[in-house]
Structure formats: C-alpha cells, structure tokens
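Please read these notes with the model open beside you. They take up a sheet, a helix, a hairpin and some charged pairs in turn.

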Amino acid sequence: MSKNVIEMDNITKRFGSFTAVDDVTFHLRKGEIHALLGENGAGKTTLVNVLFGLYAHEGGTIRINDEFATLNNPNDANDYGIGMVHQHFMLVQNFTVLESIILGDEPAKGGILNMREARRKVIEISERYKLAIDPDAEISEITVGQQQRVEILKMLFRENEILIFDEPTAVLIPQEIDELMKIMRQLAEEGKSIIFITHKLNEIQQVADRVTILRKGKHVATRNVADTSADEMSELMVGRAVDLQVDKGHVVRGDIVFSCENITVKRELSEKNAVHDVSLEVRAGEIVSIAGVDGNGQSELVYALTGITPPNEGRIFLNGVDISKFSIRERTKAGMAHIPEDRQRYGLILDYTLANNLVLQTYYEPRFQNHGFMRSGNILEYADELIDRFDIRSSEGATSMGRALSGGNQQKTIVARELDRDADIIIAVQPVRGLDVGAIEYIHKQLMDQREKGKGVLLVSFELDEVMNLSDRILVMYEGEIVADLDPDQTDERELGLYMAGKKKEAVNV
Amino acid sequence: MSDQSDQSNNNFDKDGNKKPPQPGVSNNKVPEEELALTKSVGSKGLSSFFSSLMAILVGLVVGVIILMIANPSNAGQGLIAILRGGMTGSPTALGQSVATSIPIIMTGLSVAFAYKAGLFNIGASGQFMIGGVFAVYVAIKGTMIPDSILWLVCMLAAMVGGAIWGSVPGILKAYFKVNEVITSIMMNYIGMYTAKIIIERTIYDSRYARAQNVPLRAQIPTLGLNTRFPGTNLNISLLLCIVFCVIIFIISSRTVFGYELTAVGLNPDASRYAGINSKRTVIIAMMIAGAMSGLGAYMMYLGGTGVYMDTKEIVASQGFNGIPVALLAMNHPIGVFFTGLFIGHITIGGENLQLYGYSKEIIDMIIAVIIYCAAFSLILKQLLGRIIQGKFRINRQKPRGPAPQGPGRYMHPEETEVSS
C-alpha cells in the first residue's frame, strides 16, 4: 500500500467555546483521491484550512511526508507542496489566464519577469494534463468552469503534489462536473494526492478512492468507497437514515393561481435586459421550478414579481387579479409568500427577536395589535406555537435574537412565517442553500405539503437535484430569458445542463 | 497500514511525544462569560450601563490630568467642584443645574429617537430654535387664548415648529435619498436665521436686541414648586421631561409604529421586503424627533428662568449637546433622562471650576472625552471579545516555530455563524 503523504493526528480546533474540529485524524495516501464528506458545519473546511495554514490548531500534530510540520500561513502550505482550489475562486478579474496562473510565483531573472518562460511552462502543463485553456483570455471573459481550470493550473504550475478541492462542483453545470471528475482522476494517476471536499455522494462514488466522514466536528468513519454504499455514507453523515428522494404524490393541478406576462427588467448602463420578456404561469397544486446558473436574471425576476424592484414592463396576476401595481404589502395581503434568496439581508431582522421576526409580515393584523399597541402576549404565544410546529431550535426560544440562530434555523424561521400565512403562491428562492441534510429534507417536505394543499409554488434553484426532485414543471432561465419548459419525467440533468449553458434553446410558448 | 488504528484517544502520539496541552480552560471561559453577559436583554442593558460608567470614569481621570497640568495645587478641589456640580447646598445652584439639564434631555431624546430609525439627527439645534420661536410667538401674541390653556397651546406650538423643521430632512431622506446629516445641519442655519427674522419682524424688543419677555400667564405652571424650593425657578418641566421620556420609550418599544421604526433602523432591506412603508416611517420619526427638540426650547424659554430668545447669529448649543446625552445613554429614552441630568450637573460643576482659577472650558474637554469613550466602548467591547476568543490575528509575522497554541489567527467568514 502506498505511503501516507499527510498524517493529521488528533486535530482539534476551537472557535471560542465552539469546537469546530474535535480530535480528528485524517491520513492522505500518495496518489489517492480522498473525499471529506459531511454536512455544513461538520468541520470539513475547517480541517483543511488547518492543513492549509489558515487556522492554527490547538491539539494534535500534522506530519507531511513523515516530517512534523507547522503551518502558519498559506505560503508555508505552498512550501510543503499543498495547493487549494477554494470554493470561491481567488482570481483577479482583469488579469489574463497566464498572469493569473503565475501570480505569486512569477519566473523572473534579476527582477525582470520572464513571460516567455512562463508561457512555455503553462502551455506544457496544460497539454500534459489536457487542461485546454487560452492563456491570453481575460478571467472576466471565461466561464466558471474555465476559471476553475485556471485555479488547477495554478497549483500544477507551483508543482504542488497535494491538491485540495473545496466543494469544486457547486458552481458547475453537469457537463463541467464530468470534465472535472476526469481531470481529478488523471491527476491522481499522475501521482498527485487529492483531498476532495463535498457533500454530494454520487461524486464520491464516481471519483474517490476513500472517504472520511465527519459529523459535528468529529471523525465518524473512514471507508474505501468501493466497500460502502450511498445509503451507508448518508446515514453516517447525518447520523440517521435519510430519504432525500421526496415522495411526489399525485396532485390534481387546479386553475392558474399565479402568472406573469412579458416581464422585462432593464439593467442600468447596459443594453442587455436583466430579465427579457418573461411570461410564466403556476397552477394550484403545482411546483414550477426556474433552473439556471446563478446570475441569469433569476433574482431580478423574483424582485419584479414580489414588488421589491418593480419591472419596467409586464403584468402580474394573482388569482386572476392584476397585482402589477400593488405595493409589497398589498401583494402579501393578496396571498403571496416570498422566501427570499438572501435570508440575512431580506428575510430577517437579525437584531430582532425570533418572535418579532416571526410576525414580520403579520404584525399589523388585529391579533397582534390593539389600537397601535403591540400585543406582545399574543405574539409570544404565536411564536411559541410556530417554534414548536416548525422545530426552530434556539437557545432562548421566542426571545432569542435572529443573529443567534444557526443558518438552518434562520431559514426555518422564514419558512415558518411565510408558509403559515396560507398564501396562494409561494415564491421560494434557493430555500435550502447552505443548509444541512436534515433541514433540506424538512423544508422540501414543507414545500411538498403546500403543493398537496393546492397552493402554487414557484421555486428558483441553482441545484439540479432539487429541481429534478421537487418540480412538476421546469423552466430554464438563461441570460434573462426562459429558454426551456420541460417535464422532469421526460428530461435529465444532461439536457438541463445544455439549456443552462445556453447551448440549446427551444421555442417556449408558455 | 490502517487509519482507524490511530484513533485511540491517548495522550501520546506515535513517536511518544506528549501532545500539546489542551488550552481549554483559558480559552473557553471568558467568551462564555461574555456570551452570558450579552445573552438576555436585561443583562445587555446592564453591560451598556457599565460601559457608560466606564466612559464617565475615564473622562474624569482625563479631567484630573488636565487639572493637574494646569494647576496641580488646586486639582483636588477642582475635581470635587466638578463632581459636586449643582449640589453646593444652595437651592439656586441646584435649580440651575436642573434648568441646564432639561433642554439637553429633550434634544437628547430627539437624537435618540431618530437613531431608532437609523437616522442621525444632527439638526436638533434648528428644531430647537424654531420650536422656541413658535412657542414664544404664541405666548406673546396669543392674547385671545385663555390663561388656563395658554401654556399648553405654547407647548403644542413648540412641538409643531420642531416637527416642521424635522420633517424637511425626513422628506428629503425618504423621497430623494439625501443624507439626513447634511440636510439637518443645513436646517440648523436656516432655522437660526428664520428664528431671527421672525423675532425681529414680530416680537422684537429693540432695547435689549432680543425677543420680548414672555408674559407670566404663558409660563410653564410651577404647581408651587418654586415656593417649596425657594430660590429656584422650578416648574413642572422636569415632570414633563419624565413624561415625554416614558412616552418615547413606549412608542419605540410597545407600539406598531415603534416596531416598524426599529425594523427600518435595523434592516431597511428586510423592512422593504416586509412591505413596511419606510418613507412614511422615516418622515414621522423625524417629525417626532423635531417635536422633542422644540419641546426642549419651550421648557427653556418659557420656564421663567430669565433666558430669552436672542437674535445673535449663533446656532443653539443645546441641540448639539443632545448628541452626547443620547450617545451616553446608548439611545435609550429613559437613559437619556439620567445622562441629561448628569451632563447638566457636571456642566454646572465646570462653571464652578472658575472659583479655583481654572477656565470653565475644561468641563467641555471632559465631556468630550466621556463621549469618545462611550462611542469607543462598543468597538472596544467587540475587539476585546475577539482577542479573548482568539479570533483576532495577532502573530501574523511570526516565523515557523513550535506548534501554535491558543489563539487562532484568522477568522473565516463561515465560522462566524457558529451558534446553538
């Protein structure tokens, strides 16, 4: 068996009183792809940040190539041959690909940059690893997938032997993910050792040799991928059996509850519209998804529909009533619920208590006010009921500050508030982003319940799994336009990916 | 070789080296206490109280240092004079101290209330002067108004004047997104000259170059307080102050409007998402704030204390002095009452400094230091918390050495959400 290149033994890292990584042992062998699996907050990123020199650990030892190592910053990590592709790329937008790759390790002679030598080396590496790239393109011009390649090339240029990929697939469309998997395999065959952080089981099965599972900062298990199953991994990760496949019962679709016609949102200082002539409709008992890569006009469309930023053109109907000119409050009263994309900016007032946040859309109703005075008794009672029903966990119940809640519980607060209003249309944007598997399962179930109750749900999501799992109908948005209207039973992620990348377009007549 | 075999939880690693000690105790204890301090609303108020107290102490220490530099021999007596303030045993001095406090309590209330809506009302001076001129005008010209209600009508006039002046920055902020700091400063000057013009054209007393005397019948009722405390000009304005502090407290913490106001102040985006009419909220908040400043002027000019509205081209200092009062009270309406009394108290103490050969401006320096400390105490509190929790990067340049223990050096954005 090949030898260990990294031995992290009994690593502990605390943030204040919170132990993010608790006595975790992690070994990486030469030439393997070792996946780190865990829910959000399980400590995966913290563990690799310790290895990368971003955090100092409080307990345990790190040995790299059998030598005790102390890493105080990323430069130390680089000296040990450790490179990392971060979740959010660290690239300078107006640099060329070549400049970006050599940045920080520029080949120079007597202080003068040797671009010719750099170019030769970059081209050689890109040919050797089949990472085709145009060295003279600007970062801002190339796709996200190509930017990731630049990050990989950067590590190879520095001759890093240990490569860390932190959730590399989160930003990619399915075709790009396949491509990345191939690249990773090839790198491993060339003798590079790879740490692959992810929470997607299928990717692990596709590419990894071994998997280490973390839960709540603790090491749960290390397995050979060949000897385990997706079910076992997810159970180890969550601590109980989960069923992410939502049971989509048959619901008779009713009348159109919500529709919009020819919505156009102009962009400032740009010829191109953020949203261009979008029409769609949602029926009762139907979940309609808007799929697409982030930044293709989904946010602007939602702002237009919910009234946060009224559209330049177009009309919106709710239960047959034209609500285009309605204020946000009037839309809310007419039966619109909105689970916003940015839960901390729009969804919550972080310095308000949980109770105050739960009545953010209803505080003016007679049950919560009497001649202009808040009925705090009723509000607390109502809050306690919602906290109980939606299982919102906090240290001090209804009087906890919004800021003190974890991300999942913040989202549950918003979901509880929006779904309890018995609205006819629920516009949910990325409702499970950044949440752990348990919370995802729960929120998806809530949305399915609304569907069964005969409500319309408009779901905007960048996650194909979510879209495929929940929807009755999938609309794909690309560059501000709806480019496809698909039935999830008659399409697959591959086809969706083509539409999302703008490579395919159908005539949509919604 | 197996990875699982290494996971026994012993205290030695493979080479027999003892593991670095777990710095659990020193590292954990303090943040927990910190957390406990800031946990509930009650203890949060308590920690605000203590940080204000700290600010006051630091201010006084600096004051003593200044006194020592200026004249070491009298420094002790100087400090006693400051601390004693108006409580020199004479009722006149006490009354003077209260009279100094009342206007700045009201302007402090004005600033604190606007701040709830996220607005920095630096225009309390303008609102103060217009409120004052409205009240004095009604007092002098309102001959047809019966005696019994004249004082109330004057009070309302002062509130209306202040509210009008406050509404202008409010409207500009709400509809044109003009920064309220700039507009309210401008309104101070416009207010000063407007007051001057109104006085000179209508109620001018050219002998003294000031507004005419406020007739006795228009003065704030005394309810016999001035005879009970002879030598003072006490009237019901101190009671009115308490009433308005309580009213503002109730508005901001118990009403629907207060809920909306605080929401707009804390998170304008989420307020918009919730359909709160932030334009209306901002304008009404500024009007109420203006009315409070106007009331301050009413209490000052109609209190029979021998202070008159003059036509000197000076922006009323009471408006600006409301800012430190509000800051020191951490914008709490009830707190404002006490910090206003305190600032008034030491201001009178500062005047008494002159008895010992010091200039009275020293007290302004002390107040300034207190305000700096109050403003910084929040930042300091956070900074200290971070250092203690080890989230602050300290040894960035430290070369490679023994494994770092204790405080970490880098805060990852993801890690800030750690809780429950």
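**Notes on the predicted model**

1. In chain A, six strands make an open sheet of mixed pairing, in the order β18-β21-β22-β15-β23-β24. Strands here are DSSP runs of E with at least two residues, helices are runs of H or I with at least four, and both are numbered from the N terminus. Two strands pair if DSSP finds at least two bridges between them. The edges are β18 (336-339) and β24 (481-486) of chain A; each has a single partner strand, so one side of each has no neighbour in the sheet. On average, neighbouring strands of this sheet are turned by 20° against each other, direction ignored.

2. This is a predicted model, in which local features need pLDDT of at least 70 and side-chain atom pairs count only at pLDDT 80 or more, while totals for chains, interfaces and linings use all residues. Residues are numbered from 1 along each chain as its sequence is written, chains are lettered from A and ligands numbered from 1 in the order in which they are written, and side-chain values use heavy atoms, with hydrogens and water left out.

3. Met336(A) stands opposite Ile425(A) of β21(A). Helix α14 (residues 407-419) of chain A lies across both strands, at about 175° to β18(A). Angles run from 0 to 180 degrees between N-to-C directions, and the axes are lines fitted to C-alpha atoms, for helices over the stretch in contact.

4. Helix α13 (residues 376-389) of chain A has 14 residues and reaches 20 Å from its first C-alpha to its last, close to the 20 Å expected at 1.5 Å a residue. The expected span is 1.5 Å times one less than the number of residues. Which residues of α13(A) are buried? They are Ile379(A), Tyr382(A), Ala383(A), Leu386(A) and Ile387(A). Their directions cover an arc of only 135° around the axis, so they lie on the same side of α13(A); the arc is taken from the helix axis to the C-beta atoms. Buried means under 20% relative accessible area, exposed over 50%, and partly exposed in between (1.4 Å probe, protein chains only). Glu381(A) and Asp388(A), both exposed, are on the face turned away from the buried side. The buried residues pack against α12 (354-358), β20 (373-374) and α14 of chain A, where contact means heavy atoms within 4.5 Å.

5. Strands β16(A) and β17 (residues 321-322) of chain A pair in the antiparallel sense over 2 bridges. They form a hairpin with 2 residues between them, and Asn319(A) in the turn has a positive phi of about 50°. Leu318(A) stands opposite Val321(A) of β17(A).

6. The structure holds 45 salt bridges over all chains. A salt bridge is a side-chain nitrogen of Lys or Arg within 4 Å of a carboxyl oxygen of Asp or Glu. Asp22(A) forms one with Lys218(A), the closest N and O atoms being 3.2 Å apart. This pair links distant parts of the chain, 196 residues apart.

7. Arg473(A) is buried, at 13% relative accessible area, whereas Asp485(A) is partly exposed at 26%.
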